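Thanks for asking me to look this one over. Below are my notes, as numbered points you can follow with the model open beside you.

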Amino acid sequence: MKNQLQQRLESLDVLRGFDLFCLVALGKIVHKLADATQAPVFDSILPCFNHVHWEGFSSWDLVMPLFMFMSGITIPFALSRYKTEKNKQSVYKRIIKRVVLLWIFGMMCQGNLLSLDPNHLYLYSNTLQAIAMGYLISALFFLHTSIRTQIISAIILLLTYWIAMEFITIGNYGGGNYTPDGNLAEWIDREVLGRFRDGASLMNGETIFSEGYRYTWILSSLTFGVTAMTGTFAGYILKHKEIMPKRKMMLLTTIGLGMVVLGWTWGIQHPVIKKIWTGSMTLVSSGYCFLLMALFYYVIDYKGYRKYTGWLKVYGMNSIVAYMLTQCINFSSISQSVFRGLEQYIGNYYPLLITLSNIAIIYAILYWMYKKQIFLRV
(Lines give C-alpha, C1' and ligand atoms only; values in the text may rest on other atoms or scores of the structure.)
Protein backbone atom coordinates (compact mmCIF):
# COMPACT_ATOMS: atom_id res chain seq x y z
CA MET A 1 0.00 0.00 0.00
CA LYS A 2 1.33 3.40 -0.94
CA ASN A 3 2.47 5.80 1.68
CA GLN A 4 -0.39 8.33 1.98
CA LEU A 5 1.93 11.07 3.22
CA GLN A 6 4.01 10.72 0.08
CA GLN A 7 0.94 11.33 -2.09
CA ARG A 8 0.40 14.69 -0.39
CA LEU A 9 3.96 15.83 0.24
CA GLU A 10 6.38 14.28 -2.22
CA SER A 11 9.14 16.72 -1.33
CA LEU A 12 9.44 15.15 2.12
CA ASP A 13 10.22 11.70 0.72
CA VAL A 14 12.73 13.19 -1.72
CA LEU A 15 14.44 15.19 1.03
CA ARG A 16 14.52 12.10 3.25
CA GLY A 17 16.00 10.20 0.32
CA PHE A 18 18.62 12.89 -0.19
CA ASP A 19 19.59 12.66 3.49
CA LEU A 20 19.93 8.87 3.30
CA PHE A 21 21.78 9.03 -0.01
CA CYS A 22 24.38 11.29 1.61
CA LEU A 23 24.75 8.88 4.53
CA VAL A 24 24.60 5.60 2.61
CA ALA A 25 26.45 6.54 -0.57
CA LEU A 26 27.82 10.03 -1.18
CA GLY A 27 29.96 10.35 1.95
CA LYS A 28 31.54 6.93 1.43
CA ILE A 29 32.25 7.63 -2.24
CA VAL A 30 33.93 10.98 -1.53
CA HIS A 31 36.18 9.49 1.16
CA LYS A 32 37.24 6.52 -0.99
CA LEU A 33 37.84 8.77 -3.97
CA ALA A 34 39.99 11.06 -1.84
CA ASP A 35 42.03 8.07 -0.60
CA ALA A 36 42.48 6.76 -4.14
CA THR A 37 43.49 10.00 -5.86
CA GLN A 38 45.23 11.89 -3.04
CA ALA A 39 44.20 14.99 -4.98
CA PRO A 40 44.74 18.32 -3.15
CA VAL A 41 41.21 19.42 -4.06
CA PHE A 42 39.84 17.03 -1.45
CA ASP A 43 41.57 19.00 1.31
CA SER A 44 38.81 21.57 0.95
CA ILE A 45 36.03 19.07 0.18
CA LEU A 46 36.49 16.50 2.94
CA PRO A 47 35.64 18.82 5.87
CA CYS A 48 32.12 18.99 4.42
CA PHE A 49 31.88 15.20 4.79
CA ASN A 50 33.31 14.93 8.30
CA HIS A 51 31.85 15.75 11.70
CA VAL A 52 33.33 18.71 13.53
CA HIS A 53 35.53 17.41 16.33
CA TRP A 54 33.81 19.50 19.02
CA GLU A 55 32.63 23.10 18.66
CA GLY A 56 31.25 24.29 15.34
CA PHE A 57 29.08 22.79 12.63
CA SER A 58 29.69 21.19 9.24
CA SER A 59 27.29 20.09 6.52
CA TRP A 60 27.87 16.48 7.62
CA ASP A 61 26.66 17.37 11.10
CA LEU A 62 23.24 18.08 9.58
CA VAL A 63 22.56 14.48 8.51
CA MET A 64 21.28 13.27 11.90
CA PRO A 65 19.30 16.41 12.87
CA LEU A 66 17.62 16.40 9.44
CA PHE A 67 16.52 12.79 9.93
CA MET A 68 15.08 13.71 13.33
CA PHE A 69 13.49 16.92 12.00
CA MET A 70 11.68 14.98 9.27
CA SER A 71 10.30 12.50 11.79
CA GLY A 72 8.67 15.51 13.43
CA ILE A 73 7.20 16.74 10.13
CA THR A 74 5.20 13.53 9.77
CA ILE A 75 3.43 13.99 13.12
CA PRO A 76 0.73 16.51 12.05
CA PHE A 77 0.00 14.37 8.98
CA ALA A 78 -0.15 11.07 10.83
CA LEU A 79 -1.60 11.95 14.24
CA SER A 80 -4.00 14.88 13.71
CA ARG A 81 -7.08 12.68 13.67
CA TYR A 82 -6.24 11.43 17.17
CA LYS A 83 -6.11 14.88 18.82
CA THR A 84 -9.86 15.08 19.36
CA GLU A 85 -10.33 11.49 20.49
CA LYS A 86 -10.93 11.11 24.22
CA ASN A 87 -9.60 7.57 24.29
CA LYS A 88 -6.08 7.73 22.88
CA GLN A 89 -5.11 4.17 23.74
CA SER A 90 -4.72 3.16 20.09
CA VAL A 91 -2.40 6.05 19.26
CA TYR A 92 -0.38 5.47 22.43
CA LYS A 93 0.18 1.87 21.30
CA ARG A 94 1.25 3.14 17.89
CA ILE A 95 3.74 5.60 19.39
CA ILE A 96 5.14 3.09 21.88
CA LYS A 97 5.52 0.48 19.13
CA ARG A 98 7.50 2.92 17.02
CA VAL A 99 9.72 3.99 19.89
CA VAL A 100 10.46 0.40 20.95
CA LEU A 101 11.22 -0.76 17.41
CA LEU A 102 13.50 2.19 16.74
CA TRP A 103 15.27 1.50 20.03
CA ILE A 104 15.84 -2.15 19.16
CA PHE A 105 16.92 -1.28 15.61
CA GLY A 106 19.35 1.24 17.08
CA MET A 107 20.90 -1.42 19.31
CA MET A 108 21.18 -3.73 16.31
CA CYS A 109 22.89 -1.07 14.22
CA GLN A 110 25.32 -0.34 17.03
CA GLY A 111 26.14 -4.04 17.14
CA ASN A 112 24.95 -4.43 20.70
CA LEU A 113 22.42 -7.14 19.89
CA LEU A 114 24.08 -8.67 16.85
CA SER A 115 27.27 -9.42 18.78
CA LEU A 116 25.32 -11.51 21.34
CA ASP A 117 27.94 -10.44 23.86
CA PRO A 118 26.55 -9.16 27.19
CA ASN A 119 29.78 -7.24 27.74
CA HIS A 120 28.90 -5.08 24.75
CA LEU A 121 25.31 -4.34 25.68
CA TYR A 122 24.82 -0.56 25.50
CA LEU A 123 21.42 0.97 26.10
CA TYR A 124 21.35 4.45 24.54
CA SER A 125 23.92 5.08 21.88
CA ASN A 126 22.46 5.39 18.39
CA THR A 127 20.83 7.83 15.98
CA LEU A 128 17.64 5.79 15.78
CA GLN A 129 17.24 5.87 19.57
CA ALA A 130 17.70 9.65 19.59
CA ILE A 131 15.04 9.90 16.88
CA ALA A 132 12.76 7.67 18.94
CA MET A 133 13.14 9.93 21.98
CA GLY A 134 12.62 13.09 19.96
CA TYR A 135 9.56 11.61 18.27
CA LEU A 136 8.08 10.48 21.59
CA ILE A 137 8.42 13.94 23.16
CA SER A 138 7.08 15.75 20.10
CA ALA A 139 4.17 13.34 19.56
CA LEU A 140 2.96 13.61 23.16
CA PHE A 141 3.10 17.41 23.10
CA PHE A 142 1.27 17.40 19.76
CA LEU A 143 -1.55 15.17 21.00
CA HIS A 144 -2.20 17.00 24.25
CA THR A 145 -1.34 20.68 23.73
CA SER A 146 -1.98 23.54 21.34
CA ILE A 147 0.66 24.76 18.93
CA ARG A 148 1.18 27.82 21.13
CA THR A 149 1.87 25.60 24.14
CA GLN A 150 4.18 23.45 22.04
CA ILE A 151 6.26 26.47 21.00
CA ILE A 152 6.47 27.65 24.61
CA SER A 153 7.37 24.12 25.73
CA ALA A 154 10.13 23.89 23.13
CA ILE A 155 11.60 27.15 24.44
CA ILE A 156 11.35 25.86 28.03
CA LEU A 157 13.15 22.63 27.05
CA LEU A 158 15.97 24.62 25.44
CA LEU A 159 16.28 26.87 28.47
CA THR A 160 16.14 23.90 30.87
CA TYR A 161 19.08 22.30 29.05
CA TRP A 162 20.98 25.59 29.07
CA ILE A 163 20.29 26.33 32.76
CA ALA A 164 21.39 22.82 33.73
CA MET A 165 24.62 23.10 31.75
CA GLU A 166 25.37 26.60 33.01
CA PHE A 167 24.42 26.56 36.67
CA ILE A 168 24.60 22.98 37.97
CA THR A 169 28.04 21.99 39.23
CA ILE A 170 28.91 18.48 40.39
CA GLY A 171 32.54 17.95 41.24
CA ASN A 172 34.61 18.94 38.22
CA TYR A 173 31.62 18.86 35.90
CA GLY A 174 29.18 21.58 34.86
CA GLY A 175 29.02 25.20 35.86
CA GLY A 176 29.26 26.43 32.28
CA ASN A 177 32.04 24.00 31.36
CA TYR A 178 31.58 22.91 27.73
CA THR A 179 34.76 20.89 27.35
CA PRO A 180 34.51 17.22 26.31
CA ASP A 181 35.55 16.01 29.78
CA GLY A 182 33.90 18.64 31.95
CA ASN A 183 30.37 19.26 30.73
CA LEU A 184 27.37 18.23 32.84
CA ALA A 185 25.81 16.08 30.11
CA GLU A 186 28.94 13.90 30.15
CA TRP A 187 28.66 13.41 33.92
CA ILE A 188 24.96 12.50 33.70
CA ASP A 189 25.56 9.87 31.02
CA ARG A 190 28.40 8.34 33.02
CA GLU A 191 26.32 8.19 36.18
CA VAL A 192 23.03 7.02 34.64
CA LEU A 193 24.29 4.65 31.94
CA GLY A 194 27.48 3.58 33.69
CA ARG A 195 28.81 0.37 32.28
CA PHE A 196 25.96 0.37 29.71
CA ARG A 197 27.30 3.51 28.03
CA ASP A 198 28.72 2.96 24.56
CA GLY A 199 32.42 2.15 24.74
CA ALA A 200 32.37 1.48 28.49
CA SER A 201 33.90 -1.70 29.87
CA LEU A 202 34.39 -3.40 33.23
CA MET A 203 37.88 -3.99 34.56
CA ASN A 204 38.26 -5.48 38.03
CA GLY A 205 34.76 -4.34 38.89
CA GLU A 206 35.42 -0.74 37.83
CA THR A 207 33.73 0.95 34.88
CA ILE A 208 36.22 2.30 32.36
CA PHE A 209 34.87 4.87 29.90
CA SER A 210 36.21 5.19 26.37
CA GLU A 211 38.45 8.23 26.04
CA GLY A 212 37.31 8.88 22.48
CA TYR A 213 33.56 8.67 23.05
CA ARG A 214 31.95 11.99 23.94
CA TYR A 215 28.39 11.73 22.63
CA THR A 216 25.74 12.33 25.28
CA TRP A 217 22.14 11.15 25.35
CA ILE A 218 20.29 11.58 28.68
CA LEU A 219 20.29 15.36 29.13
CA SER A 220 20.47 15.76 25.36
CA SER A 221 17.07 14.06 25.11
CA LEU A 222 15.59 17.47 25.97
CA THR A 223 17.06 18.99 22.83
CA PHE A 224 16.34 15.87 20.76
CA GLY A 225 12.72 16.60 21.61
CA VAL A 226 13.05 20.21 20.46
CA THR A 227 14.61 19.14 17.15
CA ALA A 228 11.64 16.86 16.45
CA MET A 229 9.22 19.57 17.62
CA THR A 230 10.69 22.08 15.14
CA GLY A 231 9.95 19.49 12.47
CA THR A 232 6.38 19.31 13.77
CA PHE A 233 6.09 23.10 13.46
CA ALA A 234 7.20 22.78 9.83
CA GLY A 235 4.62 20.02 9.43
CA TYR A 236 1.88 22.36 10.66
CA ILE A 237 2.80 24.83 7.91
CA LEU A 238 3.06 22.21 5.17
CA LYS A 239 -0.23 20.56 6.12
CA HIS A 240 -2.26 23.77 6.49
CA LYS A 241 -4.66 23.90 3.53
CA GLU A 242 -5.43 27.61 3.87
CA ILE A 243 -1.79 28.67 3.46
CA MET A 244 -0.90 29.10 -0.20
CA PRO A 245 2.13 27.12 -1.44
CA LYS A 246 4.23 30.22 -2.06
CA ARG A 247 3.40 31.49 1.41
CA LYS A 248 4.44 28.13 2.89
CA MET A 249 7.80 28.37 1.19
CA MET A 250 8.30 31.93 2.46
CA LEU A 251 7.34 30.96 6.01
CA LEU A 252 9.74 28.01 6.03
CA THR A 253 12.54 30.19 4.66
CA THR A 254 11.96 33.05 7.07
CA ILE A 255 11.73 30.80 10.12
CA GLY A 256 14.82 28.90 9.00
CA LEU A 257 16.91 32.03 8.57
CA GLY A 258 15.73 33.38 11.92
CA MET A 259 16.65 30.17 13.74
CA VAL A 260 20.09 30.03 12.13
CA VAL A 261 20.87 33.62 13.14
CA LEU A 262 19.49 33.11 16.65
CA GLY A 263 21.38 29.85 17.08
CA TRP A 264 24.77 31.22 16.02
CA THR A 265 24.21 34.33 18.15
CA TRP A 266 23.37 32.20 21.18
CA GLY A 267 26.41 30.10 20.33
CA ILE A 268 28.68 32.95 21.39
CA GLN A 269 27.74 32.17 24.99
CA HIS A 270 26.30 28.63 24.65
CA PRO A 271 28.58 26.88 22.12
CA VAL A 272 27.30 25.04 19.06
CA ILE A 273 28.31 21.44 19.83
CA LYS A 274 26.58 18.55 18.08
CA LYS A 275 28.04 15.75 20.22
CA ILE A 276 26.19 17.00 23.29
CA TRP A 277 23.34 18.54 21.22
CA THR A 278 23.44 22.00 22.78
CA GLY A 279 20.50 24.35 22.54
CA SER A 280 22.34 26.64 20.13
CA MET A 281 23.17 23.66 17.90
CA THR A 282 19.50 22.66 17.99
CA LEU A 283 18.47 26.06 16.66
CA VAL A 284 21.23 26.18 14.04
CA SER A 285 20.55 22.69 12.71
CA SER A 286 16.76 23.10 12.78
CA GLY A 287 17.14 26.39 10.92
CA TYR A 288 19.12 24.67 8.17
CA CYS A 289 16.49 21.92 8.09
CA PHE A 290 13.75 24.53 7.57
CA LEU A 291 15.74 26.01 4.69
CA LEU A 292 16.27 22.61 3.05
CA MET A 293 12.59 21.77 3.44
CA ALA A 294 11.69 25.12 1.86
CA LEU A 295 14.00 24.44 -1.08
CA PHE A 296 12.72 20.93 -1.73
CA TYR A 297 9.10 22.01 -1.27
CA TYR A 298 9.60 24.86 -3.75
CA VAL A 299 11.26 22.71 -6.40
CA ILE A 300 9.12 19.58 -6.11
CA ASP A 301 5.68 20.44 -4.72
CA TYR A 302 5.41 24.09 -5.82
CA LYS A 303 7.21 24.07 -9.18
CA GLY A 304 6.54 20.40 -9.90
CA TYR A 305 10.08 19.49 -10.98
CA ARG A 306 9.92 15.76 -10.27
CA LYS A 307 11.40 14.17 -13.37
CA TYR A 308 14.78 13.32 -11.87
CA THR A 309 13.83 12.75 -8.24
CA GLY A 310 12.44 9.21 -8.41
CA TRP A 311 15.75 7.58 -7.50
CA LEU A 312 15.88 9.58 -4.26
CA LYS A 313 12.40 8.36 -3.33
CA VAL A 314 13.80 4.82 -3.48
CA TYR A 315 15.95 5.79 -0.49
CA GLY A 316 13.39 8.05 1.13
CA MET A 317 10.44 5.69 1.26
CA ASN A 318 12.48 2.98 2.96
CA SER A 319 14.87 5.15 4.93
CA ILE A 320 15.03 2.87 7.98
CA VAL A 321 15.83 -0.13 5.76
CA ALA A 322 18.54 1.86 3.97
CA TYR A 323 20.08 2.89 7.27
CA MET A 324 19.99 -0.60 8.76
CA LEU A 325 21.37 -2.28 5.64
CA THR A 326 24.30 0.12 5.75
CA GLN A 327 24.92 -0.25 9.48
CA CYS A 328 24.19 -3.95 10.03
CA ILE A 329 25.28 -5.83 6.91
CA ASN A 330 28.71 -5.84 5.31
CA PHE A 331 28.24 -6.53 1.60
CA SER A 332 31.97 -6.39 0.92
CA SER A 333 32.32 -10.18 0.86
CA ILE A 334 29.96 -10.30 -2.13
CA SER A 335 31.68 -7.39 -3.88
CA GLN A 336 35.17 -8.77 -3.24
CA SER A 337 34.17 -12.19 -4.53
CA VAL A 338 33.02 -10.64 -7.79
CA PHE A 339 35.81 -8.10 -8.33
CA ARG A 340 38.80 -9.65 -6.57
CA GLY A 341 40.70 -10.18 -9.84
CA LEU A 342 40.66 -6.48 -10.63
CA GLU A 343 42.66 -5.40 -7.60
CA GLN A 344 45.99 -5.95 -9.30
CA TYR A 345 44.97 -3.72 -12.21
CA ILE A 346 43.31 -0.75 -10.52
CA GLY A 347 45.41 -0.49 -7.34
CA ASN A 348 44.26 2.35 -5.10
CA TYR A 349 40.89 2.45 -6.85
CA TYR A 350 39.97 -1.06 -5.73
CA PRO A 351 38.46 0.06 -2.36
CA LEU A 352 36.40 2.63 -4.28
CA LEU A 353 35.11 -0.11 -6.59
CA ILE A 354 34.13 -2.27 -3.62
CA THR A 355 32.34 0.70 -2.02
CA LEU A 356 30.45 1.44 -5.25
CA SER A 357 29.48 -2.21 -5.49
CA ASN A 358 28.19 -2.26 -1.91
CA ILE A 359 26.15 0.88 -2.59
CA ALA A 360 24.73 -0.69 -5.76
CA ILE A 361 23.66 -3.82 -3.86
CA ILE A 362 21.85 -1.77 -1.21
CA TYR A 363 20.17 0.34 -3.87
CA ALA A 364 19.08 -2.77 -5.77
CA ILE A 365 17.40 -4.10 -2.62
CA LEU A 366 15.68 -0.78 -1.98
CA TYR A 367 14.62 -0.46 -5.64
CA TRP A 368 13.09 -3.93 -5.58
CA MET A 369 11.16 -3.05 -2.42
CA TYR A 370 10.05 0.23 -3.97
CA LYS A 371 8.76 -1.47 -7.10
CA LYS A 372 6.95 -4.09 -5.03
CA GLN A 373 5.47 -1.34 -2.85
CA ILE A 374 7.09 -2.83 0.25
CA PHE A 375 7.72 -0.11 2.81
CA LEU A 376 8.98 -0.69 6.35
CA ARG A 377 6.83 1.31 8.75
CA VAL A 378 7.63 1.72 12.42
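This is a predicted model: local features need pLDDT of at least 70, side-chain atom pairs count only at pLDDT 80 or more; totals for chains, interfaces and linings use all residues.

1. Glutamine 373 sits in the segment after helix 16.

2. You will find glutamine 38 in the loop between helix 2 (10-37) and helix 3. Its relative accessibility is 60%, so glutamine 38 counts as exposed.

3. Two packed helices are described by the angle between their axes and the distance between the axes. For helix 2 and helix 16 the angle is about 170° and the axes are 9 Å apart. Helix 2 is therefore roughly antiparallel to helix 16, the cut-off for that label being over 145 degrees. On the helix 2 side the contact uses Val24, Ala25, Lys28, Ile29, Lys32 and Leu33, while helix 16 supplies Pro351, Leu352, Thr355, Leu356, Ile359 and Ile362. Sorted by class, the contact of helix 2 with helix 16 has 9 nonpolar, 1 polar and 2 charged residues.

4. How do helix 9 and helix 10 pack? Helix 9 (residues 221-239) and helix 10 (residues 245-266) meet at an angle of about 160°, and their axes are 9 Å apart. That angle makes helix 9 roughly antiparallel to helix 10. The crossing of helix 9 with helix 10 is right-handed. From helix 9, Thr230, Ala234, Ile237, Leu238 and Lys239 take part, and they meet Lys248, Leu251, Leu252, Ile255 and Met259 in helix 10. The residues of this contact between helix 9 and helix 10 divide into 7 nonpolar, 1 polar and 2 charged.

5. Next, helix 4 (residues 63-79) and helix 5 (residues 89-109), which pack at about 155° with their axes 13 Å apart. Helix 4 and helix 5 are therefore roughly antiparallel to each other. Their crossing is right-handed. Ser71, Thr74, Ala78 and Leu79 in helix 4 meet Val91, Arg94, Ile95 and Arg98 in helix 5. By class, the contact of helix 4 with helix 5 holds 4 nonpolar, 2 polar and 2 charged residues.

6. Now for the rings. How many aromatic pairs does the structure hold? The count is 17 aromatic pairs. One of them joins phenylalanine 49 and tryptophan 60, a tilted pair at 5.8 Å centre to centre with 45° between the planes. Phenylalanine 49 and tryptophan 60 are each in the loop between helix 3 (42-45) and helix 4, 11 residues apart. Are these two residues buried or exposed? Both phenylalanine 49 and tryptophan 60 are buried.

7. Another tilted pair is that of tyrosine 315 and tyrosine 363, with 5.4 Å centre to centre and 55° between the planes. Tyrosine 315 lies in helix 12 (residues 310-316) and tyrosine 363 in helix 16 (residues 350-371), so the pair ties together parts that are 48 residues apart in sequence. Tyrosine 315 has 2% relative accessibility and so counts as buried. Tyrosine 363, at 22% relative accessibility, counts as partly exposed. Phe21, Trp311, Tyr315, Tyr363 and Tyr367 form one aromatic cluster.

8. A last point, on a loop residue. Where is serine 146 placed? Serine 146 is in the loop between helix 6 (127-144) and helix 7 (147-167). Its relative accessibility is 41%, so serine 146 counts as partly exposed. From serine 146 to asparagine 183 the separation is 37 residues in sequence and 34 Å in space, C-alpha to C-alpha.

Definitions and conventions
Residues are numbered from 1 along each chain as its sequence is written. Side-chain values use heavy atoms; hydrogens and water are left out. Axes are lines fitted to C-alpha atoms, for helices over the stretch in contact, and angles run from 0 to 180 degrees between N-to-C directions. Helices (H or I, at least four residues) and strands (E, at least two) are DSSP runs, numbered from the N terminus. Angles under 35 degrees count as roughly parallel, over 145 as roughly antiparallel, 65 to 115 as roughly perpendicular and the rest as oblique. A crossing is left-handed if the near helix is turned anticlockwise from the far one by less than a right angle, and right-handed if clockwise. Contact means heavy atoms within 4.5 Å. Ala, Val, Leu, Ile, Met, Phe, Trp, Tyr, Cys and Pro count as nonpolar, Asp, Glu, Lys and Arg as charged, and the others, Gly among them, as polar. Rings of Phe, Tyr and Trp (its six-membered ring) pair if their centres lie within 6.5 Å; planes under 30 degrees apart count as stacked, over 60 as edge-to-face and the rest as tilted. Buried means under 20% relative accessible area, exposed over 50%, partly exposed in between (1.4 Å probe, protein chains only).
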